[in-house]
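Let us take a walk through this fold together, with the sequence and the model side by side. Have a look around before reading on.

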Amino acid sequence: MALDKKAQAGQRVRELAQRMLPTGDIAGLFDAVYATANGDASGVPWADLQPHPVSLAWLQQHNVLGHKRRALVVGCGLGDDAEDLAGRGFVVTAFDVSPTAIAWCQRRFPASSVNYQVADLFNAPSAWQQAFDLVQEIYTIQALPVTMRRQAIEHIASFVAPDGQLLIVCRGREPQDDPGAMPWPLTRADLDIFQQSGLHEESFEDIRSEDARHFRVVYRR
């Protein structure tokens, strides 16, 4: 049943995107996804109420601990990845363009140390420039139209502090593959913009399972 709900939610998101993306109302689109879920996480296709397993595996493999360093979670959704980083000892800021998503996070984690904020990636606070020792981005870029990706990537790269790291998790594809419907899997060439934005690639992993292909990439400034 949950899988059926997730499939239905995915279809609803694509219908909303078809109607709202041509207007350029990205913030309205994502807030509508959370608002129409009516407090049921199965109505948000990317919300699993746990840290993303591909990101979590990297953090565990490298025994990543914060030691009060600063971390930023881009497009934090319902907050599970942000809470995991806080549990590892990071001082975490997590933002989403959706006010409904941020209010949902605050209800889920009322005693959290995470600083949840409503913010637009394309108009983020100037104080965030090169301010974070770890930036985590999961699935945000692939949900944006191709015309917005370069600017999105440049903004995400700008948050990484000197010697800081950026952890990216996205669905992956080959350049010749059909990108299909939203969310659109990325190619390695799409991600090369991070290196053009002042970061260098520390590791690239192409992770394949029966039902998905992910790229997990770590960059450093």
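Which residue just after helix 2 takes a positive phi? That is Asn38, with a phi of about 55 degrees. Keep in mind throughout that this is a predicted model, so every value below is computed from predicted atoms.

Helix 2 spans residues 26-37, 12 residues in total, and its first and last C-alpha atoms lie 17 Å apart, close to the 16 Å expected at 1.5 Å a residue. Buried positions in helix 2 are Ile26, Leu29, Phe30, Ala32, Val33, Tyr34 and Ala37.

Seven strands make up an open sheet with mixed pairing, and their order is 3-2-1-4-5-7-6. Strand 3 (115-118) and strand 6 (200-208) are the edges, each pairing on one side only. Going from one strand to the next, the twist averages 15 degrees. As a reminder, strands of a sheet pair through backbone hydrogen bonds, either parallel or antiparallel. For strand 6 and strand 7 (residues 213-220) the sense is antiparallel, and the pairing runs over 8 bridges. Glu201, for example, stands opposite Tyr219 in strand 7.

A helix also lies over this part of the sheet. Helix 3 (residues 53-61) lies across strand 4 (132-138), strand 5 (160-171), strand 6 and strand 7, and it runs at about 45 degrees to strand 7.

Because Glu201 lies in strand 6 and Arg188 in helix 7 (residues 188-191), the pair ties together parts that are 13 residues apart in sequence. Both partners are partly exposed: Glu201 has a relative accessible area of 25%, and Arg188 is at 40% relative accessibility.

Glu202 is partly exposed, with a relative accessible area of 37%.

Is Arg213 buried or exposed? Its relative accessibility is 13%, so Arg213 counts as buried. The side chain of Arg213 meets that of Asp206 in a salt bridge of 2.6 Å, N to O, while Asp206 counts as partly exposed at 30% relative accessibility.

To finish, look at the loop between strand 5 and helix 7, where Pro175 is found. Pro175 counts as exposed, at 60% relative accessibility, because the cut-off for exposed is over 50%. Pro175 and Pro185 are 10 residues apart in sequence, and their C-alpha atoms are 10.0 Å apart in space.

Technical notes. Residues are numbered from 1 along each chain as its sequence is written. This is a predicted model: local features need pLDDT of at least 70, side-chain atom pairs count only at pLDDT 80 or more; totals for chains, interfaces and linings use all residues. Side-chain values use heavy atoms; hydrogens and water are left out. Two strands pair if DSSP finds at least two bridges between them. Helices (H or I, at least four residues) and strands (E, at least two) are DSSP runs, numbered from the N terminus. Axes are lines fitted to C-alpha atoms, for helices over the stretch in contact, and angles run from 0 to 180 degrees between N-to-C directions. Contact means heavy atoms within 4.5 Å. The expected span of a helix is 1.5 Å times one less than its number of residues. Buried means under 20% relative accessible area, exposed over 50%, partly exposed in between (1.4 Å probe, protein chains only). A salt bridge is a side-chain nitrogen of Lys or Arg within 4 Å of a carboxyl oxygen of Asp or Glu.
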